[in-house]
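I opened this entry to look up charged side-chain pairs. My notes follow the display.

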Amino acid sequence: MSEELVVDFEKRFAGGTTIRANLRRPAREFNITVLFGPSGCGKTTILRSLAGLERPEAGEIRFNGETWFDAQQGIFRTPQARDIGFLFQDYALFPHLTVAQNIGFGLRALAKQERTDRVDEMLRLFEITGLESRYPNQISGGQQQRVALARVMVRRPRLLLLDEPLSALDASLRENLRWELRRLLGEFRVPIVLVTHDRVEAIALADQVVVMEQGVIRQTGSVQEVFTRPADLSVAKIVGTETVEPGRVIGTEDGLAVVQVGGVELLALLPEHIKEDAYVCIRGEEVVLQRHVDALTSVRNRLVARVVSIVPEGPMVRVGLDCGFRLTSLVTRPACEELRLQIGEEVVAMLKAPAIHLIARG
Ligand code: ATP
């Protein structure tokens, strides 16, 4: 019996939209699969189909050897029969029930003692002990979010589906909670499929990222793979790789590719499939800024660049550079202050060869 979540289906909507899903994940351990992509690409449709709220037209969904859906055999398990936990964007708690009553709401069929024990366990795991007698409007947004999760997990689902779980929170709370959320969810040995269009959320939470566009999965891989090695130009754009510029491989030097971009030559690792024309992809975090070139450095690419924009973004600052092509660097606020960056000034942008990812063009 395969201990996997196997998803391979096609959902066709009236009006012509088709969503195709294809993924396999371990079914009996904690892991987070993030469905990532722009609005309308089909993320929620996949989640709803897993939950049994949509019935695809073709394909199958299996969980740990059980068939939840099989178009050919006419099998379709109801949401109740799948033992799934589903947290929607708007996870509204019942306002007239206390925290403990909200969490225990789905356990009314159990004996009182067992219900109390299970609710207590959730209060402890989600670190909200002490709040059990309060009403939702007497606790903070972050606490409400934990109560909502506790209300889902108390039923011991075998699969947890989360649709933009942090979107109801304000920006600063979201910032703190996204790191916290992974730790809290790790307490449970269940696989999780989570929808987001927030890049930082995907990076903070995912074991595996599934990048979607217009109803199809474009790339599946670890955070590292997808964000630093996008499979094609559309994935690079979706995951927000800061610099994507057309270039040409014009030769090799010491086993590295010499790539011409704008008026500049860069040294990069050469993937086998690149012949000549390529897109040069560089993540902002990989571009290190300095005032002057160090006499001794292992960094292959040192570019004299003019600062053209400085835009704060949370704890980071996005620095736009002109170095013969448009390059973006993401630096921390303290680093930006230390460098005393000013628009119009010259700096040195340092880039290691492996930080330059080439995608075939044409
Ligand atoms: P968002 O991030 O905006 O929630 P999404 O990636 O979750 O978007 P879906 O809600 O899955 O996207 O929708 C995918 C596509 O399917 C969209 O083009 C949408 O218009 C279409 N669609 C969804 N539900 C239906 C429906 N019931 N009937 C017709 N088309 C639908």
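**Salt bridges**

I took a salt bridge as a side-chain nitrogen of Lys or Arg within 4 Å of a carboxyl oxygen of Asp or Glu.

I noted that this is a predicted model, where local features need pLDDT of at least 70, side-chain atom pairs count only at pLDDT 80 or more, and totals for chains, interfaces and linings use all residues. Residues are numbered from 1 along each chain as its sequence is written, and side-chain values use heavy atoms, with hydrogens and water left out.

**Arg 24 and Glu 4**

I looked up Arg 24 and found a salt bridge to Glu 4, with the closest N and O atoms 3.2 Å apart. The pair links distant parts of the chain, 20 residues apart: Arg 24 sits in strand S2 (residues 18-26) and Glu 4 in strand S1 (residues 4-12). Helices (H or I, at least four residues) and strands (E, at least two) are DSSP runs, numbered from the N terminus.

I then checked accessibility. Buried means under 20% relative accessible area, exposed over 50%, partly exposed in between (1.4 Å probe, protein chains only). Arg 24 is exposed at 51%; Glu 4 is partly exposed at 24%.

**Glu 180 and Arg 146**

Glu 180 forms a salt bridge with Arg 146, closest N and O atoms 2.9 Å apart. I placed Glu 180 in helix H5 (residues 171-185) and Arg 146 in helix H4 (residues 141-153), 34 residues apart. Arg 146 counts as buried because its relative accessibility is 13%. Glu 180, at 23%, is partly exposed.

**Others**

I also logged a network of salt bridges linking Lys 11, Arg 48, Glu 54 and Glu 57.
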